[in-house]
Amino acid sequence: MIHTTITPSNRDLHLSIPEDYVGKRIEILLYTTDEGKEKKVSKKKTRKLRGALNLSDKQYKDFQKHAKNTRNEWNRSI
């Protein structure tokens, strides 16, 4: 794998592919380094979501059970 960061001086970019990559599927990602940074969400925006599902007690318990089972799947060895 090759990982590098550059600052282009114009809109053109030339890539030289290593010999052992020729004939193989490769993935090329192009993004600015500040695109991956998370934006801070204000508490004011998240407060209005509180209670938005309006679940009954049974629905809430079922939802929590499903969420717990899903989290347990993350820890399971494959």
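User: How many helices and strands does the secondary structure of the protein chain come to?
Analyst: This is a predicted model, in which local features need pLDDT of at least 70, side-chain atom pairs count only at pLDDT 80 or more, and totals for chains, interfaces and linings use all residues. Residues are numbered from 1 along each chain as its sequence is written, and side-chain values use heavy atoms, with hydrogens and water left out. Helices (H or I, at least four residues) and strands (E, at least two) are DSSP runs numbered from the N terminus. The protein chain comes to two helices and zero strands.

User: What percentage of the residues of the protein chain count as buried?
Analyst: A residue is buried under 20% relative accessible area, exposed over 50%, and partly exposed in between (1.4 Å probe, protein chains only). Of the 78 residues of the protein chain, the buried ones make up 1%.

User: Which side chains meet in a salt bridge, and why are they about one helical turn apart?
Analyst: Side chains of opposite charge can pair when their charged atoms come close. A salt bridge is a side-chain nitrogen of Lys or Arg within 4 Å of a carboxyl oxygen of Asp or Glu, and a search of the whole structure finds one. D62 is partly exposed because its relative accessibility is 41%, while K58 is exposed at 59%. The two residues are about one helical turn apart because they are four residues apart in helix 2, and the pair that meets, at 3.0 Å from N to O, is D62 and K58.

User: How much space lies in the largest pocket?
Analyst: A pocket is an open set of points on a 1 Å grid over the protein atoms alone, where a 1.4 Å probe fits, with protein on both sides within 12 Å along at least five of seven lines; lining residues have an atom within 4 Å of a point. Grid points are joined across faces, edges and corners, and a volume is the space filled by probe spheres set on the points. The space in the largest pocket is about 1100 Å³.

User: Which residues are the closest to the centre of the largest pocket?
Analyst: The lining of this pocket has 26 residues. The closest to its centre are I2, T4, L15, I28 and L29.
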